[in-house]
Amino acid sequence: MLMRWNNHGFGGFAPGFWAVNDLQRDLGRLFQSFDDSRTFAAPGWQAAAGAEPKLKVSDTADELRVYAEVPGFRAEDIQVSFDDGVLEIRAQRSDAAPEGYVAQRRERGSSSFSRRLTLQVRVDGEKIEAELKNGILELRLPKQAEARPRSIAVKAT
Amino acid sequence: MTVASTNPIASENKSTLAHGPAVNAPRTVLPRVDVYENTDELLLVADVPGATSESVNIRLDEARLTLSADYTRVDGSIVRYQRAFQVPETIDADQITAQLKDGVLQVHLRKLEKAKPRTIAVTAN
């Protein structure tokens with residue numbers, strides 16, 4: 001069985017990637033995924049650049065931790081700054097197609113982003129640490145002493 | 001630019017580490033994929049932030065290519081990136097290779113020799 005979508009000018013050996021049940025069905029596309037892409041097809045799935053990256057913030061009592069999904073960014077592409085309670089993460093990378101290749105489908109996000117988080121907890125800006133691993137940027141923001149939880153002794157009277 | 005404010009106190013109930021790691025069923029996520037092509041191959045580029053190379057699973061079953069990779073969060077929850085594609089007959093099933101770097105999975109699908117464009121010499125007689 002030979003199935004080709006070569007009626008859109010992609011040439012005689014156009015690869016036959018196509019969707020079985022992709023809601024964004026478009027025969028002009030060469031490459032479609034099998035999955036029922038409701039996630040992708042929903043309005044806004046292709047999140048605006050400003051919404052990137054996905055962040056998760058957690059509080060470990062002694063520090064705040066921020067996890068940002070930054071696939072494809074190298075450490076030198078990312079700048080983290082902290083000023084007056086505002087944490088800012090900026091990053092930029094090339095979004096050019098790999099050399100010698102022609103793009104057939106592009107879903108991956110923008111090549112640059114900037115996000116600012118206004119922290120409600122006082123942290124020690126001098127001791128913020130940032131680490132990049134497997135496309136996840138992890139920030140550790142130690143709280144200032146007075147912002148840490150303390151236990152209060154209960155006195156019997 | 002997005003200016004987002006977060007209230008870490010409010011997030012504590014949901015994501016505090018104080019409760020210890022929770023082992024949850026994987027949450028399946030469709031990774032975003034770019035597809036590139038040159039004369040020799042198709043190149044899939046998938047965003048799988050946090051995924052480790054040990055967790056990557058690439059499977060070709062008949063003409064169905066399935067990519068999967070897991071990201072285990074610090075709280076123990078698992079994000080499973082998974083997506084399947086129909087592979088054309090022009091792909092050499094024995095020559096699929098992949099690399100994972102910086103949370104990006106690249107899968108090289110080489111074309112069969114007979115599928116590559118070729119130049120036919122014209123001889124004068």
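**Contacts, strands and a pocket**

Tutor: In this predicted model, the side chains of Glu107(A) and Arg105(A) make a polar contact at 2.6 Å.

Student: What makes the pair Glu107(A) and Arg105(A) a polar contact?

Tutor: Set the distance against the cut-off. The N or O atoms must lie within 3.5 Å. The pair of Glu107(A) and Arg105(A) stands at 2.6 Å. The contact counts.

Student: Where in chain A is Glu107(A)?

Tutor: Glu107(A) is in the loop between strand S5 (102-105) and strand S6 (112-118).

Student: How do you know whether Glu107(A) is buried or exposed?

Tutor: Buried means under 20% relative accessible area. Glu107(A) has 3% relative accessibility, so Glu107(A) is buried.

Student: Which strands form the open sheet, and in what order?

Tutor: Five strands, in the order S5(A)-S3(B)-S4(B)-S9(B)-S8(B), with antiparallel pairing.

Student: Why do S5 of chain A and S8 of chain B stand at the edges?

Tutor: Each has a single partner strand, so one side of each is left without a neighbour in the sheet. Neighbouring strands are turned by 25° against each other on average, direction ignored.

Student: How do you know that S4 and S9 of chain B pair?

Tutor: Pairing needs at least two bridges. S4 (residues 41-47) and S9 (residues 104-111) of chain B have seven bridges, in the antiparallel sense. Here they count as paired.

Student: Which residues that line the second largest pocket are closest to its centre?

Tutor: The pocket has a volume of about 530 Å³. Of its 22 lining residues, the closest to the centre are Gly72(A), Arg93(A), Ser94(A), Arg108(A) and Gln106(B).

Student: Which strand gives the most to that lining?

Tutor: S8(B), with three residues. Strand S3 (33-37), S8 and S9 of chain B each supply at least two.

Student: What makes a lining residue charged, and how many are there?

Tutor: Asp, Glu, Lys and Arg count as charged. The lining of the second largest pocket has nine charged residues, along with seven nonpolar and six polar.

Methods: Residues are numbered from 1 along each chain as its sequence is written. Chains are lettered from A and ligands numbered from 1 in the order in which they are written. This is a predicted model: local features need pLDDT of at least 70, side-chain atom pairs count only at pLDDT 80 or more; totals for chains, interfaces and linings use all residues. Side-chain values use heavy atoms; hydrogens and water are left out. Helices (H or I, at least four residues) and strands (E, at least two) are DSSP runs, numbered from the N terminus. Buried means under 20% relative accessible area, exposed over 50%, partly exposed in between (1.4 Å probe, protein chains only). A polar contact is a pair of N or O atoms within 3.5 Å; within protein, one must be able to donate a hydrogen and the other to accept it, and residues adjacent in sequence count only if both atoms are side-chain atoms. Axes are lines fitted to C-alpha atoms, for helices over the stretch in contact, and angles run from 0 to 180 degrees between N-to-C directions. On a 1 Å grid over the protein atoms alone, a cavity is a set of points where a 1.4 Å probe fits but cannot get out, and a pocket is an open set with protein on both sides within 12 Å along at least five of seven lines; lining residues have an atom within 4 Å of a point. Grid points are joined across faces, edges and corners, and a volume is the space filled by probe spheres set on the points.
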